[in-house]
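Grab a pencil and work through these exercises with the structure on your screen. Each task comes with a solution in steps.

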Amino acid sequence: MASTGVPGLDDILAGGLTRRRLYLVEGVPGSGKTTLAIQFLVAGVTQGESVLYVTLSETEEELRSVADSHGWRLDGVQIRELTPPEAALEPDQQNTMFHPSEIELAATTRLILDDVERLKPTRVVFDSLSELRLLAGTALRYRRQILALKQFFATRDCTVILLDDMTASDHDLQMQSIAHGVVLLEQLNPDYGAERRRLRVVKYRGVKFRGGYHDYVIEQGGLAVFPRLVAAEHRQEMTRGKLASDLPALDALLGGGIEEGTSTLIVGPAGAGKSTLAAQFVAAAAARGERAAMFVFDESPDTLLGRCRGLGVDLAAHVQSGTVTLQQVDPAELTPGEFVHAIRSAVEQDGAKIIVIDSLNGYLNAMPEERHLIVQLHELLMFLGQKGVATILIGAHQGLVGAQMTSSVDATYLADAVVLLRYFENRGAVHQAISVMKKRGGWHERTLREFRLDEGRISVGRTLREFRGVLTGVPTYDDPHPPLVAKDTEGV
């Protein structure tokens with residue numbers, strides 16, 4: 001195998017490119033074809049190989065400028081520039097009697113073959129096929145020319161990448177049928193936010209590659225490809241322990257805490273304490289020496305840390321020590337594949353045992369197409385479960401009380417446990433209630449408890465047995481015991 005120089009792409013291609021074969025990389029202008037080609041050649045130079053870049057559309061100066069922008073040196077890369085010289089603009093140099101395929105194509109091909117015989121490269125890049133297509137004139141001559149080049153390189157131990165900018169109006173599949181493998185680079189332009197790029201391996205003969213679309217970005221240092229997550233590749237046996245919150249009443253409500261390898265959805269209206277509750281689990285795990293990672297979409301890290309500090313949750317100290325990773329996510333700039341890659345890195349490289357996604361609404365906004373959210377979320381939760389990671393998802397309801405509350409994304413059937421927070425009114429005061437609506441594979445309390453965020457702490461109180469209809473927001477009081485009142489009001 002010949003490494004492409006892009007670790008993520010090598011993973012998708014099951015190790016890289018089979019040597020002594022011809023490959024096609026297609027993509028619109030700006031999708032990163034030239035950057036990928038240079039990475040491929042630089043990887044060959046690193047391994048002591050002789051490499052050749054044949055350019056028919058860009059100058060050597062332009063290629064070196066691209067390399068400089070990524071911090072690469074092209075000292076070991078042989079560049080053959082076959083762009084028309086400035087003299088070709090002179091009137092006496094214009095040819096009107098013969099078709100370019102009869103003169104220019106033959107001369108261009110001879111220059112390429114001479115360079116290969118002289119340099120004996122093991123890696124060759126052609127940039128781009130659109131020039132050869134125009135020189136050939138007819139589809140038949142173009143196909144025969146490519147077939148001849150393919151046969152020529154196959155006998156000279158060369159791995160060849162052909163770049164096609166897809167600018168031809170009558171783009172066909174002839175080149176895809178000739179090439180041993182085809183990689184398609186796409187650039188998407190959403191209505192809001194930065195452009196997004198993804199790639200797909202169209203074909204790769206004799207290799208079980210990872211199919212589907214894979215997000216990638218062009219950053220300083222080249223392409224960074226994020227392979228699509230396939231949870232089935234990470235199955236393993238494990239024992240599931242419990243992760244306590246260090247709040248006895250809350251742990252009792254959850255039957256001892258949340259289990260490793262499960263997902264817990266905390267859902268409720270804005271301001272009910274969902275993020276604070278998740279932070280309590282993270283801080284408790286960090287105090288036990290377990291690593292955690294929080295991905296925050298909806299508020300700044302400083303706001304979250306300040307709010308937690310006011311409630312006695314010392315999350316900032318664990319962030320400073322490195323036990324907890326707190327990352328703010330910008331949905332307008334992040335691709336879904338990049339987000340999943342960040343979570344995988346937190347688990348596989350940093351050893352995180354708890355992952356918090358706050359919130360699913362922000363995660364939804366990070367998706368270019370909403371209909372794919374649930375499928376990708378399911379794959380992500382399966383992966384984290386097989387790694388023994390406890391996942392906490394935050395889901396915000398639209399609305400505050402009553403039956404009109406709705407959710408923009410329903411993930412309750414995916415989560416192993418669902419914790420519900422609710423506001424309710426009693427005698428002119430607003431209170432909060434907490435309950436566990438669902439928990440797979442374990443016992444939990446089926447009661448509604450009072451939930452409070454005041455006096456510098458989080459508290460889970462007694463069971464609300466004297467009320468009926470708490471979940472509606474306007475419960476009925478039918479118990480002789482005194483009703484709940486807010487602490488800053490006079491007793492009734």
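**Exercise 1.** How many aromatic pairs does a search of the whole structure find?

*Solution.* Before you start, note that this is a predicted model, where local features need pLDDT of at least 70, side-chain atom pairs count only at pLDDT 80 or more, and totals for chains, interfaces and linings use all residues. Residues are numbered from 1 along each chain as its sequence is written, and side-chain values use heavy atoms, with hydrogens and water left out.

Step 1: know the rule. Rings of Phe, Tyr and Trp (its six-membered ring) pair if their centres lie within 6.5 Å; planes under 30 degrees apart are stacked, over 60 edge-to-face, and the rest tilted.

Step 2: search. The whole structure turns up 5 aromatic pairs.

**Exercise 2.** Classify the pair of tyrosine 23 and tyrosine 204, and say what it ties together.

*Solution.* Step 1: the ring centres are 5.9 Å apart and the planes sit at 80°, so this pair is edge-to-face.

Step 1: tyrosine 23 is in strand 1 (residues 22-27) and tyrosine 204 in strand 7, so the pair ties together parts 181 residues apart in sequence. Strands here are DSSP runs of E with at least two residues, helices are runs of H or I with at least four, and both are numbered from the N terminus.

Step 2: tyrosine 23 and tyrosine 204 are both buried (under 20% relative accessible area; exposed is over 50%, partly exposed in between, with a 1.4 Å probe and protein chains only).

**Exercise 3.** Is serine 128 buried or exposed, and which residues does it touch?

*Solution.* Step 1: find serine 128 in the loop between strand 4 (123-127) and helix 5 (129-136).

Step 1: its relative accessible area is 3%, so serine 128 is buried.

Step 2: leaving aside neighbours within four places in sequence, serine 128 is in contact (heavy atoms within 4.5 Å) with Leu56, Ser57, Leu163 and Asp165.

**Exercise 4.** Which residues does isoleucine 392 contact?

*Solution.* Skip neighbours within four places in sequence, and the list for isoleucine 392 includes Ile258, Phe281, Ile354 and Val356.
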